[in-house]
Amino acid sequence: MLSNLGNILLFGSIFITLSIIYFAYQNLKEKNILIGKNLVYLSFFQITFIIASFLLLIFAFVFSDFSLLAVYQNSHTAKPIFYKIAGVWGNHEGSLLLWVNIMVIFSFLFFLFNYKLKKSYSLYTLLIQNILILGFLVFLISNSNPFFKILPIPSEGLGLNPILQDPALAIHPPLLYLGFVGSSIYFSAAMAAILSNSNGKNFASSIKIWVLISWSFQSLGIIVGSIWAYYELGWGGFWFWDPVENASLIPWFCMTALAHSVLVLEKRNYLYNWVLILSIITFISSVTGTFLVRSGILNSVHTFANDPARGMYILIFLSLMIFFSFIIFFKRKINDNFYLEPISKETFILGNNWFMMFYLATVFIGTIYPIFTQVLYDTKISVGPPFYNSVIAPIIIPFLIMMAIGPKIRWIKQKYNDYKSLIFILILSCVINFLIFTFLKSYNLLSNLIIISSLFLIIHSLKDFIINSKTKSYYNLPSFLSHTGFGILMLFIILNHNYSREYDLNIKVGEAKKIDNIEIKFENLKIEKRDNYNVIIGNFNILDLKKNYQKNLNPEIRIYDNPQTLTFESAIKTNLKQDLYLTMSNIDGSDFYNVKFQIKPFMLWIWFAAFLTASGALLRTFLKK
Amino acid sequence: MKISFLKIISISLVAFALLVFFLALNTDKRYSTEKIVGKSVDNFEIIFLNNDEVFKKQDLSNDKFHLLNIWASWCLPCKKEHSILMALKKENNLKIIGINFKDKKLNANNFLRELGNPYDFSLSDKDGTKTILFGVYGIPESILIDKKHKIISKFIGPLDVNDYEDILQLVNEK
């Protein structure tokens, strides 16, 4: 019953999408300057149908309708309702439906907001966005149908993987999707701008808000994913340069570059070609990332049930998308002619873009290199953190310095004569850095330089903000938040990197071990039964002999029944200064437990700074000049 | 449409990447350690535990079996299987190669001093990258290689008495 209704809604959506494509094309050929009313109605029906199908799937998960394969495989009656809902996008089929939903919602809103713009531009955007939607709808129905039935109807579901039952992870996919699926709209708009010969300024101002929105959500999605990894995976880290993390970072670099260069196009009508390229590759890199994750050619924590046919479909779709966007782009024969003054906002923004492209190239090569060697030489290699850290870290330094100076520089041309305060801030940063490493612990030259430049960025932004706020103009607040946030983020990541400590030991109940100035005592072990799992709770006492504090930590080993899984829950004690992080795991056939105890300074500050960075762009979308 | 150098380069790069993705789709990436059984050993170069010399595939002898044992001093199950390895040491037809996995040299040597050294060759895989070749994902693991340098058996987890007998049987066949 539910399955039939779902399928009807999906087929209905395909039919409507086809109609939109057809009527948009017809409407383009007509000389009429107005957009046909029928397209507005059709768009409205489309969004109604697609949202209804998504709500229906949520309904099926909430009421545990196991006649649907997707529900049977990913849900269970004993699960809390929150995780039943999260289960909707915790699997390939449901997440793809969410994907299509976001494409449709963005398409609808973009159409609504830009209804009054040049007719051919709006229509081409609608047309191309709907071709993309059609592609994903066909994919959804042909081999990833969330409304697929099973008979006989099972009485109980298989359950959601316990490590996915976490609040951060429940909201991670929707946030990330709003980011990189949202980028589809400016892909379409870029194509449309070329096809309709639109003016660069209009194009820029119509996509600007969408770039900011998708950038914010992409950032939030990445942050929340990191938080999940930190709290749930129990490795004590928050970024692993895992291929799938990289897959979300690559579009983020494009979006960051675009969010800046779109301003140049809007204000100065320069860099049109470049903005078009960025708009196009943002979505292309998003789909490439999706391909790498869903096809299973990369091994990582994001495992979906792998089906080569799915990978094949996305790959064909991706190839077609690249092929046609190249053709359309190369058709545009207009060359941008521009002259940029060396000291002008334009130049600094272009600088930002060069940095972004450098990071993008590094991460992209690092991510796909193992695939290439696997296919071409049949050798397995893995590209790990040392590669990324050593290539990216040094380039962060000039980037942070430019990030500090850039926002203050005026458009077109400026005579820069603020050297006094520049030198003063630089000296101040060096002094603070000096204080940090003399009072805490010294670190290498590279860390010194990064810390100095991030301090430089933070202080410089603060100074600019204070001077600015005297004029009561808060237009620069968003960029201030994002830039300062990024500076704080880099500062604390480097401090965290240098001051983290890690102890690995095997220990029995009742035993105490002393390393450095820290005594770790395994007090006792409790076994409890909880709602849908059994749990072994360890009670550890951490005693710092030097600073004379004492903390109790209770890591858990959870034994889930459906599906049968062991998960290791880390015990974390957080304060403003540091996190104490402890995980334990049992060792087969012995009384010993393997314990990993970590001291991770400033974790709270890292999260705070990351959210601060993301908040800037969100604020900009609400703030009018 | 004007064909420029830049266009050709960018198009061919993208086409090449897509082709590789296509090929990657069709290669079996499932991580199965059983797959290496029956295959001949790939070329490898692993340094010795106590000096900087390198042990290569060519250094495997042609008239003896080899048992590759991957171990570490921090690994408790490795202690458990140690007596089995010591017993296997007496076997004339078999050479035992120990690969010390993600370990400190000092701890590794202390371990061998305390419990005895069953290894004819002690090698070291400090960062765990060399043993990937043998499909190692947890330790201890042991891999039995015949005289023709073919992998004939793989033991995941600590060796026990049954494994001991299996190894003796395989080594002394014919």
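Predicted model: local features only at pLDDT ≥ 70, side-chain atom pairs only at ≥ 80, totals over all residues.
Visitor: What makes strand E8 and strand E9 of chain A a pair?

Guide: A pair requires at least two bridges between two strands. Strand E8 (residues 571–574) and strand E9 (residues 578–586) of chain A are joined by four bridges, so they count as paired under that cut-off. The two strands run antiparallel, and A:Ile572 has A:Tyr581 as its bridge partner in E9(A). Three residues lie between E8(A) and E9(A), which form a hairpin.

Visitor: How do you know that E9(A) also pairs with strand E10 of chain A?

Guide: Nine bridges join E9(A) to strand E10 (residues 593–601) of chain A, and the cut-off is at least two; therefore these strands pair as well. Their sense is antiparallel. A:Tyr581 has A:Gln598 as its bridge partner in E10(A), and A:Tyr581 is also the partner of A:Ile572.

Visitor: What makes E4(A) a partner of strand E3, strand E5 and strand E6 of chain A?

Guide: The bridges are again set against the cut-off of at least two. Strand E3 (residues 518–529) and strand E4 (residues 533–544) of chain A have eleven bridges, E4(A) and strand E5 (residues 549–553) have five, and E4(A) and strand E6 (residues 556–560) have five. Each of these counts meets the cut-off, so each is a pairing. The E3(A) and E4(A) pairing is antiparallel, as are those of E4(A) with E5(A) and with E6(A).

Visitor: Which residues stand opposite one another in these pairings?

Guide: A:Asn534 of E4(A) stands opposite A:Lys529 and also opposite A:Ile559 in E6(A). A:Ile542 has A:Lys551 as its bridge partner in E5(A). E3(A) and E4(A) form a hairpin with three residues between them. In the hairpin of E4(A) and E5(A), four residues lie between the strands, and A:Asn548 takes a positive phi near 60 degrees.

Visitor: What makes up the side of chain B that touches chain A?

Guide: The contact takes 18 residues from chain B and 25 residues from chain A. H1(B) gives the largest share of the chain B side, ten residues. By class, that side has 14 nonpolar, one polar and three charged residues.

Visitor: Which residues form the contact between domain 1 and domain 2 of chain A?

Guide: Domain 1 of chain A covers 1–165, and domain 2 covers 180–339 + 350–379. Their C-alpha centres lie 22 Å apart, and the contact takes 22 residues from domain 1 and 24 residues from domain 2. H6(A) gives the most to the domain 1 side, with ten residues. The residues of that side divide into twelve nonpolar, nine polar and one charged.

Notes. Residues numbered from 1 in each chain as written. Chains lettered and ligands numbered in written order. Contact = placed C-beta atoms within 7 Å. Nonpolar A, V, L, I, M, F, W, Y, C, P; charged D, E, K, R; others polar. Domains from an automatic or database assignment.
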